Amino acid sequence: MIKKAVLIVALLTVHLTPVFSQNRTPVLRQDVPLDSIRLSDPFILADKNTSTYYMTGTGGMLWKSKDLKKWTGPFKVTRTDPASWMGPNPMIWAAELHQYKDKYYYFATFTNRAVKIDTVGENIIERRASHVLVSDQPEGPYVPMKDPTYLPADKPTLDGTLWVEKDGKPYMVYCYEWLQNLNGTIEKIELKPDLSGSIGEGKLLFRASESPWSRENGGTGPNKVTDGPYLFRTGTGRLAMLWTSWIGDVYTQGIAYSKSGTLDGPWLHEKEPITPPNYGHGMLFRTLNGNWLMSLHSHKSTNGRTHRVPHLFEVDFSGDKLVVGKPYLP
């Protein structure tokens, strides 16, 4: 039996932004300020070809902006296969947009709630996995490629992101969910050159329990949740990874650096979180004016309801480490 406190943390880790049905048309809004959008895991692509910012995240919808101030959306941009393992109406979490070579790729977590793959303690594990869709343009539509799966069907995986090593090989870096393994991990799997499928098996990078800053409720030990990996290189070429967990019931983001400069690590975790409390699932993007920003969401619970709102922070990683500055208000 999983203890009640652990179950509470499990509930807190759920991506709580409302998810639109594949069959439901979202109501289009224009000139919406960033802080008026409710969105978990905001990922921003600054596309030079169209001079436009594209933002997506949990729920799978797309928002567009020319200046980061006013946004238009949400647009439905995915066309999944109802005959696939995802089913006719998958939940979509932590979507990301990546321009790679001459195409645009949509990394996301898809959940088919009608399929149960395991039961651990009191938790029923649903069919959930990171997957990749493709489009010729940033606004989609994003459609499946060749491989029916990227990761094992009997493992719940989430928050997949793209990383290309110095040798040119692309990888998906993702979380293997703690609800099944009871100590969440971050792992990698090699992708085919056109990202149309995976090669070989996943490999462990690190476990949640290796973090020096995360804590379970009560402070008795490290938290077991891994969430939202994002990779980049500092100005000195050092490989770094943002990732998120919890300190008690406070959503918190930390950072780790690879000693080898590759995904294989070993990964050295900073002792303190990298952002203020109740912020997390961050990523970095370069604005159309050439400045670097961090996009992430705030996490606030009020009267039993959770509100997650996109925010931007100034950052400097021109040296050996990432330094997070003040909030950026477009």
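Which residues touch the most other members of the largest nonpolar core?

Reply: This is a predicted model, in which local features need pLDDT of at least 70 and side-chain atom pairs count only at pLDDT 80 or more, while totals for chains, interfaces and linings use all residues. Residues are numbered from 1 along each chain as its sequence is written, and side-chain values use heavy atoms, with hydrogens and water left out.

In the largest nonpolar core, which has 31 residues, W71, F232, L242, F285 and L322 touch the most other members. Such a core is a set of buried Ala, Val, Leu, Ile, Met, Phe, Trp, Tyr and Cys residues joined through side-chain atoms within 4.5 Å, where buried means under 20% relative accessible area with a 1.4 Å probe, protein chains only. Among the strands (DSSP runs of E, at least two residues, numbered from the N terminus) that give two or more residues to this core are strand 2 (43-47), strand 14 (227-233) and strand 20 (305-316), and strand 18 gives the most, with 4 residues. A second, separate core holds 19 residues, including M91, L239, A256 and L263.

As for confidence, the mean pLDDT (the predictor's confidence in each residue, from 0 to 100) of the protein chain is 93, and 93% of its residues reach 70 or more. Over residues 1-22, however, the pLDDT is below 50, although this stretch has 56 contacts (heavy atoms within 4.5 Å) beyond near neighbours in sequence in the model. Where pLDDT is low, the predicted coordinates should not be read in detail.

Methods: Buried means under 20% relative accessible area, exposed over 50%, partly exposed in between (1.4 Å probe, protein chains only).
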